[in-house]
Structure formats: C-alpha cells, structure tokens
Amino acid sequence: MTTDQWIASTCGLCYGTCSIRAHVVDDVLVKIEGNPESAIGRGRLCGKGVAGIMTLYDPNRVNVPLRRTNPVKGKGVDPGWREISWDEALDEVTARLTKVHDDDPRKLFIQRTTTNTAIRAPMMMFAAAFGTPNSWAAGGGLHCGNGAHLIGGLYHASWSLVPDFKHCRLAIYFGASKGHGAGHVSCTNMQDAADARARGMRLVVVDPMANFASAKANEWVPIRPGTDAALALAMVDVILNDLGVWDAEYLAQKTNAPYLIGPDGCYVRDAETGKPLVWDAARGHAVRYDTPDGAALALEGAYDVAGVRARPAFVLLREHVRQFSPEWAERISTVPAATIRRLAREFATEAMVGSTIVLDGKRLPYRPVAAIYFRGSQGHKNSVYNCFAIELLNQVVGAADVVGGALGFNPVCYGHPETGKPWYEPKSGPDGLMITGTWVAPHLPYPISDPKHPSTMSLGGLFPLGMFGPTMASSDQEELWTKFGLPYRPEVMLNYGANSLLSVGNSDTVAETLARIPFIVSFDITLTEFSEFADLVLPDASYLEALDSRPNVPFIFNHPAGLGAWSWPVRQPVVPPAGQRRSAAEVLIALVDRLGIREEFNAVANTHLKLDGPHRLEFGTPYRHEEICDRELKSHFGAERGLAWFKEHGVISWPKRVEEVYWRAFLDVRVPVYWEFLIGLNRKAKPIANAAGLDWDDAWYDPLPRWMPCPSHEVQDGAFDLWGFYYRDTLHTNSFTNENPWLDEASRLDPFSYTIALNAATGRRKGLRDGQPVTLESPHGRRVRGRVHLTETVHPECVGIGGCAGHWAKTLPIARGKGVMFNDLLEVDWAHGSPVNLNLDTCVKLRIAP
Amino acid sequence: MARSATSDRLLADLGATFRPQRQWVEGRGIWLIVGHFLSGVGAGTWLFSLWLGYRPGLGLALAAVALSGLAHLAFLGRGARFWKMYRARTSWIARGFVGMTLFLPGAALYVLRPGGALGGLGLALATAGAVVLIVYKGNVYAASKGVPFWNSPVLPILYATYAIRGGLALLLVALPLGGRGLDAHGVGFLELWVAVSAAVMLGFYLGVMRSTNLAAQRSVAELVRGRAAPAFYLGTVGVGLVVPILVGAAGFAGPLSQVVLAAVGATSLAGDFFAKYAIAKAGVYIPLMPAGRGPAAPAA
Amino acid sequence: MRYGMAIDLKRCIGCYGCQLSCKAEHGTPPGVFFARVVKREFGTFPNTQLVYLPTLCFHCTNAPCVDVCPTGASHYREGGVVDITKDDCVGCRACMQACPYGARYFNETQTGYFPGQGLTPYEQKKYAAQNVGIVLKCNFCIDRVQAGLEPACVANCAARARTFGDLDDPHSEVSQLVRLRGGEQLQPELGTRPNVYYLPPA
Ligand code: SF4
Ligand code: SF4
Ligand code: SF4
C-alpha cells in the first residue's frame, strides 16, 4: 500500500523560516513546496528551501552519538570517533555539566548557529536555568547583528526594517538585499519587492558590488566598503542645511530632537522629576518633554533654562552635520559629491513632508521614502555610527513606520482576534525614549543598562550596546579576560549546529580558542570542521525531523512587515528521525531533569514562552518538549488549538490592522536623534576600562554620529590595494548549505557563488585572466585561495566573495574544497572590534599575493 | 578527494557564454565521428569501385559501412532501439539509417551474388544507399540549429566531397593488396583533384562562418586557435590536405610508387577523419542571451 | 490551446528557486536542468547591468528538435507541449544539437548526488532506469498542468517572474503580459517560434 500525504511544517535552512508543505510518499520525502496558507513565504520558497530534501537524506549525516578517542585537537586532526550509546553520552554530559554547575555555572559556554533558529528558545531557557550568561550565536552575531539590530530596535522596535513595499516610492539600500536575496523574511520580501519594482518604486542601492538588490536597482551607487556613514551624513547635511527640509512635527513629537541640551552635551532636566526639558514656544518657557498638550515644541533657537544656555538637540544635529560636506564624503566613500547631492534632494523631495493618506478610514502620515541598512553597512567596526547615520535619513523626514516609509518588522501586535494574543507594543521608557514591545534576545536595545565591570566572556557588561563580543573566540581573549580579572574560564561548551571554525574569523584563531576548552559537546547533523574540536557529537534531528511550536517567533525577527496577514506556523517532523537521531530540544529537556534544574527551567519557560493560566508549567513536574509546545500554542490560541490542531492545520493566520503596521502615529513614544545616553555611558565605562588597562577612545561615544575608519582604512602599505568583503549568497546560509549537493551544483553553475569577484579593469591591470587561481593576502599575512571572476559588477578597489564556504572536512564530501573561506582573512581581536558595541570588522585590506 | 556528482566541466560548460559541443565528439561521442567517417568512406569506395570495376573495393566498402553501423551502435545511448530510427520525413539521421538499411543488405547481396536479378536488386539498393550515405551526414550537422558553425548549407557539400575523396583514398590504400586492373596513377590524380577541391571547400566554409554570427565566429576561433586547433592543423590541414596535395603534385614530375600512393591514401583518410573531428570539436551552441543582447566578448 | 510562458526579467531576482524546485519535482539527475538560471553581465563599470535569465524548454511551435529526431520520440503533444517518449529515444542527441536554446540534456548514467555513497531514498524513488542513455528535457510539467496546477518553476517563483497559461486565449494573463509588456522570443530569426516569451528587464 502506498501512502501519500502533504505535511505542513517550517523550513529551517535559514532563519527566514518560511512555511512549507512536505510531500511524503511511502515515508519518503519527495517534494518541498511553500505553504500558500501562510504569510511567511506565501507558498513560494527560495532555492535552498526546495533543496532541503538533499540535506535530510545526506548519507554523511551523523546517526549515533560519537565520542572522541584522540585527545589531540586541531584543524585537520582526526578525532578518532567511537560510536557510543545515548545513555553513555548523556551520562558523560551530565557528569561534566554537574561539575560545572556545582562549581560555577558561568563556566558553561553555549554557542549556537543562526542557520536553524529552532534551538534559540530552548537554548536560551536552558542557559538561564543553568545560570550561565555566556552564550552566543557564533559569527552571526558579530557579523550581522550588533549594529543593525540595535539601531532597528532603538528606532523601530524591531530587529530589521524594509521599505513599505506597497507604498514606498524611493528606497535607498545601504548594503542590504531585503527582497532580493537571502535573509529575514526573504521569500515574502522577494514577492513584495518585485511588486514594488513593477509598481515603479525607485530603488537605489549603495553597495561595492552590483548583485542581488543592486542588480535589480534603478541605480547602483558603488561605494568603498565601510564608508556608509560618510555618505549618509553628507546626505543629512544636504537635506538639513542646503535644502532645509525636515519633518518638524515628527521630530518634535516622535523624537528627542526638541530636548534641550546644555553646554555639557547632556539633557537639561527638570529639577524635580529629572525629566528632560523642551522649549514650549507657545508658553514661552521650558516644560517637561511629556507635558500634555505641549504643542509647539521648539526645534530651533537657544534658550536660558535652569541657569544654562540650552539648545534643542535638533540644532546640535544640524550644526554637527555641517562638517560632512558631499566633497568630504566623496573623498572617503568614492561616491561623487554631485551624486550625493542629487540623492539627498531626491530623498527629501520624494518624502513629501507634510502629506497624509487615508487608510482604513484613518488619516496617516505619508512619507514614501526609506533608507534601509543591513549587513553591508553594519559589518564593520563602525557599525553603530553607520546605521545611526543612515537611520537619521528616515528620522529627519519622518519616514519611520508611517505609510510609505521604513517599516520595522512588526513592532506592534494586538493578537489573534479571538484571544488577543500574542500582544505587545513599544512603550515609553526612561527619558521618554522607546522600549521595544518584544525582543529577540534578553538584552534589550533600550534602556541602556549601566556599564559594569565585565563578568562574562564577551565583556558585555562593559558594553551595553553590544549583543555579542569577539572575545568569545578572539586571539586576545585570554589577555582581555586576565585584564578584567574574569574569575573563571570556559570549561564546557554546548554547541548547537554552529561551525565557528568557518563563521567567526580566521580559523587558526578560532581553533586556538576552541582547543583551550576542556570539553565540547556538539549537536550536529553532520561532522564539520568544528567537530575536529568536539569531544562528543550528538546526532541531531534535522529541521524536517523535529518539532517546534514557535518557528517564526518573535514576529519582529522574521515575520513579513507591512499590511497583510499574521501567521503563526508550526514545525513538525515530516519523516521520523532516522537512526538514533534525536531532536536537540528534547535532549536539552532530558538534561534539565538529569541536572536537577527542572524548577528553574520551568520557571524560565513560563516567562519566556508567555505560558498562561492552566498552561503554565508546574515547577516540579517534568514535561516533554511536545507538552511544552502544546502549552505554548494553547496559551496563545486557546485550549482547542494545541499542538494537535497545529499539526493538522500547520498554521494559524489572521489579518493585520493598520494600527499595528503604521503604529508610529498611534503610540506616544520617542526615539533618539541625539544619543545623550552615550555621554553617561562613556563617563561610567571609561574608568572601568582604564582601570583594566584598556585603551579608550572617547570619539566612539559622541552623541552624534561621525564616520570612523575601519582598520582596513588605516592600512598604510600601498601594496595592499584592494578591499575584500563578503556578501550573502541567495544559494547558501552561512557554511551550512554548502554540503547540499543541489545547492552546490547551482553554485558551481553560478559565475559568482564560489569565485572571487574582481573588477575586470583592475584584474586586467594586474594581468589576471578570468578563472585564474589566485591567493589573496591580508596585511596580517592571512591567505585564502580561489578563482577570480573578472566582472564589471564590482567597485574597482574591491574583491567580493560569496558567503562562507571553503570547507576542508573530509566528512563533508560535497562541500569540501568548494568556494572561498573569506573569513580566514579576518582578524578576531580587540583592535578589530568596536569599542562601543563590540562589532567585528568584516572588511579587510588585501593584495593578490605574488 | 571525492568528486562531486556532476563533473565540473559540464557545469563550467553550462556556465560559459559559448557552451562547447561535446556530445558528438568526446567520450562515446567519438564513435559517432568514427561512424560518420566510415560510412562516408564506405559509400565513396562503393561508388568508385563500381565505376572503376574494382571488385575488392566493393567488399571493402561493405566492411567500412558495416563497421560504421557498429560504431553508431557504440555511440547511441540506447543502441538496442536502433531499429526505431525510421522517421525519415524530417530527420536526416533517419534518412541515413534508411541509407544504411538499403546499403548493407544490398551490398552484401551484390558482393556475394553479383549476377542475376537478385544481384541487380542488391546493386541498385546498395548504390542508392551509398548516395544517401554520402549526402545525409553533412545534413545531419546542417540541421543542428543549436550549433551555428554546422548549421550551414555548405557543410553537406563539404562532407560529400570528403566522402568521395575518402572513397578514392581507401582504394589507394587497398591497391597494394593486389588491385589488378586499376590505374593507380589515375586514381592518384583524381584524389589530388578532390583534395584540392576539399581544401577550397573548407576554406570557403570557414570564410562564410567567420562572417556569420558570434557563435560561428567563436567556432572558427576554436578551430584555428582553440580547442580544435591541434586536430585541425595537424590532422585536417597537415596530414589531410597538404601532404596529399604535395605528394600528388609531385606525381606530375614522375611516377609514384604504389606504396607512396597508398600513403597518400592513408593520409587523406586521416585527414577526412580529422576534418569531421575538428569541425565537431569546434562546435559551440548559440549563447543564451536576453532578447536583443549579444554576448559581451566574442573572442576565444 | 497553446501552452506558453512569460518570464518577467524585471521581476526575476536570480534566486534559483525555479531551477531547484524543478529539480525536486522531476528528480533530474546531476547536471540535468529542465529549468535553469543564466546570469549575464552587460556594460562596463559603473554602468553595469547583471541580467538574470531564467530558462527552460521553450516548447517551440516549429521545434527543430522534433524535426531531427529519427524515432519520433521527440514530439508535440496536447497544448503544443514538446515532450520525449522515453521508450523511443535512442540517445542520438541530434535534438540537443538542434535546440538553439540549450534545453536538452543527455543522461549518460544512473548516478546520484552523493557519488560513491549510493542513492538517497528520494533518488531511489525518483530516478528511473528508463532515463539512462536518453535525452531529458522539460515537459512544461504537463502532469501538474493536467491536474490543475502550475508548472513547478512557476508555482514556486517567489518573485512571480514566471507566468504560465494559454497563449491562444487573448485574455489569459500570459497573453496579456506578452502583449502589454512587449514580450520577446529568443532568436526569432531561427523560425522556431518559441512559446516562451521574455518581458524586458527595464
Ligand atoms: S528563505 Fe530560508 S526559510 Fe525560506 S525557503 Fe529559503 S532557506 Fe527556507
Ligand atoms: S524562481 Fe523566479 S526569481 Fe528566482 S530565479 Fe527563478 S524566475 Fe527568477
Ligand atoms: S526549446 Fe529546444 S528542446 Fe524545447 S522545443 Fe524548442 S528546440 Fe525543442
């Protein structure tokens, strides 16, 4: 008898987590399609999503727990795997973890991938219950998250932003591919961006390379890597000072632009409440920013308040950007001054400041322009100022979360009509600035916590703006930990799917840090380069064999923005796990009981998963992963819609409301165009850093952004005449998908995917032929090899490399030897990290090695 | 190191602007060239042997065409289905198959039983088949709209010329095997004449191709300075044209020995083979380009 | 009824979703792509244009591949779809040389995507011995179409760049797109009369 069924589930080949339907015939997966009933992907998938069959059935997958027999760890060293039983494996993990837990739980180092996000909630809950603050998403965090998501959170209460594809008329992307490639909401964005293109939205893409978004743009603006802030600041200068365009109403009501700033750069505060003051032009005196009916808040002028000469923050901003002329920016960015002026004028004009539109019977501001930043502008030491400067473009014309403007991904959700859940909205925090309604990580973008002597591996406490720090795997981690007297060292690492050898920086540095960790347990579906450092490998169920009640949560991370529908999908096994594979979430819960931290875990789960009423976990009761999933779903969607309902229906959807999408007009929150908080932060952090003997540069803590050079801009040796950068390929997610032979094959067909893209004229000048193998070398002597692809699509000073390939593990026969491992060129140390948010610089000066 | 499933070369070919044709020349594809070569030579030999009344040549012709059939079978992906190739309304391959189907039994009949009605029928069938075999193969290439280098009315004429010359050449080779009643020098001069015309045809063909579209130009480039150049210069031009023409011309000065003439025949045969080989090898497909856009770089 | 497709080069973002969903649908062996994405670059820096050109068999009305086929394996079927009767293909590859659009692939052997490691369960299910030694190509997903579905490459295209329908019906979406957007065939001068049209990138 043949069986034939379609099972609704969720893709797990990138954090995009599109909704899928799996066709299973006689227990064999024969097709993956998108699920048209879900807003996430709307029934259409990228190439990776449909190729997942080959990941599921990879004969190189791990099927049994493996124990290392060779005590020597090193790149290319065979660990001498021995098959062991799950009991044996869990006994050992339990013994190691118990020792650490009794001793100092912070010695547990948790690392996870950004490819498959299913583990985020279970891992975070496990870490919290265990008591370790040392957890990171290897690579992903350092490369893509620290700046862009921070600024997204501060201004849009969301992880990322897109143009309002349905209404925007001019979008300027600064190193972003939203809607044209991989990443957050990729498949839905592809549809919306194509519709916008057909509708006539003008797209300008600032990027050193003309692929993905820039290939589809109306205008490509080639730029030198890491100089986005210079360009954006010059544009702000032109808009504010030459054109005199700004949205006074928005700035006065929705930002801290009217806040009065004293000579010390700080807010002038109300003596009684400590609240910042603003100048009320109607009343003719200063009032607290939150004074009701404070209608005529001054953005200009200078006032004597509380014994000091005070000026609105907006005045300081306008004055500050005067120094950033288009000519200055041209020298730094290579973008011609005339282009900068034109773009600024187009942006300011197209913003139609003052215009409104009626949607669903509500009159709303209409600002059809958006400045979008992501991986390109963010992947640098100066990511904070890059993203801050670009965001100011949206802010000065009031194009943030209004019709046509830059939209955060779903900062507001008023829940399913029947249950009112999930429910969240941003609220006003200290000094009237916005606190996000929900967030991806425990660490909120605002309020900024007080810097303190760091007690975590990442030194995060001292850098409250950062999420992840390079010291998790840096060459100078030991030195820095010693400086700050870190009272412990990582003793056990629990890794989920991350291949940090490839994803962080040069593999030698990462290898050294891993080799120092006495015991590493890793959940994996195949053995990778990372496994060469693991002591125990646990065979994980792949995303097609596992259960997850929240594959697309939180909505600010990865749910389609703009009007449309809400969808909460489920992930469920489409085939049972083969061999002895077990889902890591289940294994973690088994460990919780073995470690005796069930009470802590259940308490964390109640809060983290927002479990409610009868669905809350009792502290003393053991629950299986499935039960917890069931309770989470019931908490949100009612007792009748538990796991069984979701397994059958796959997804629940309901319409979005105008108040949710264009929430800015409806909520009374402000965002900072002047980062006064940096002054206080600097004042407190600097002495701690200095005491530990760390160099400190105040320039990174100015309340207004400037362009700060990347280390690559400071290389003096002229022999290094190229800037290297990597970009995300639509065909791959991190290094994970390189082993999928369908994707590998497509990559080999693609002119760029596995090659080193070099400007054709530059290449010819160097006497290079298309396809010629070359060695790239960094000023630090790091080298990678690959084939050049001579192309007109790259800035003449640059080489662009796709993704994160270049595997060498014999256990990955498809991936092995393919593509280029760009990250091997990157230094991972304090000098290449940001002294304000710890972001790692991912551009590097290079030469073609002789 | 484990090789990935698809050969890198295939993917590189697909990615190239001008994707090289390999099906009909590389791997088992070489059998097709062999097959085409043998059928042309065989058919040519048949006609000349008849004309010159040289019976051993008829046997040789039969053998060549029979071997050609085997070579074709070795080439086909599904040789066991060869008998299905009779859709001759539009297909030149089917016509060639019909030609072979006429020739082989006909020639066998005539060689074994020259006299009588049966012999006469065999002769008629075989001769008709031989004509088809001479004509069809150039047309097989010429019908290939995907390969502009072949897709030309000149090619059938060129290949027919080569087939005729091949027939003569095989006879020259066969002469030392005891060919009484045949004027070796006459054949030699004929061979010289056909060699010259083949050279002229080839030059004309390449000239036409150089001025056609970019893919054809690219093929010419492949022939004169690319992938097919060694086979072209050494085989087609050197061994196949220059040597026979020089030697043949020397024949005007004085009589050539049978062995020399046989050598001329052999080099001509090799030249015939390499002409087909090089022209096949130089084939590239029309590049897939957006409408109205030509490839950026035509040169090799 | 004449099935056809319009491919909008303005909408396509070169994501390979069509190429890979086609592969999954048909279980095509390594190196065989019924649908494929070609990337072509034009201009010189900084006035560069990278065009993504998704392709497939164009189901030509005047198909040279059908003309040259010696067995009739390549044939026209309902709706003008050009298909191959697998049991009749001798593997002579004349059709590959005749097709001006690179739509045909010869499948030499039965190898899977993990060489030396056997066939995956998916491959065991999808690969057929009858596919060995013959030429394979796109059949416009005729089985899906007859079941009321769109071809796999069309159904999955996230940018909705591919539109499938009846070109004989002037009111079909595909006919209207071709008419309104100035759909163009590739190499029309060859007289093949493809039923796949490209809508201009700009
Ligand atoms: S975008 Fe990501 S989640 Fe969506 S189908 Fe592709 S790999 Fe899967
Ligand atoms: S799936 Fe659509 S957007 Fe992606 S490459 Fe194919 S045609 Fe283009
Ligand atoms: S595109 Fe090629 S294979 Fe398809 S019908 Fe036309 S000629 Fe035949």
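**Backbone angles in the loops**

Modeller: Let's start with A:Met352, which counts as partly exposed at 29% relative accessibility; that term covers what lies between buried (under 20% relative accessible area) and exposed (over 50%), with a 1.4 Å probe and protein chains only. This is a predicted model, where local features need pLDDT of at least 70 and side-chain atom pairs count only at pLDDT 80 or more, while totals for chains, interfaces and linings use all residues. Residues are numbered from 1 along each chain as its sequence is written, chains are lettered from A and ligands numbered from 1 in the order in which they are written, and side-chain values use heavy atoms, leaving out hydrogens and water.

Back to A:Met352: its phi is near 50°, a positive value in a residue other than glycine. You will find A:Met352 in the loop between α11 and β17 (356-359) of chain A. Helices (H or I, at least four residues) and strands (E, at least two) are DSSP runs, numbered from the N terminus.

A:Thr334 is partly exposed, with a relative accessible area of 26%.

Now for two peptide bonds. The one joining A:Tyr446 and A:Pro447 is cis, with omega about -5°. A:Pro447 sits in the loop between β22 (434-435) and α14 (477-483) of chain A. Another cis bond runs from A:Val553 to A:Pro554, where omega is near 0°. For A:Pro554, look in the loop between β25 (536-539) and α17 (555-558) of chain A.
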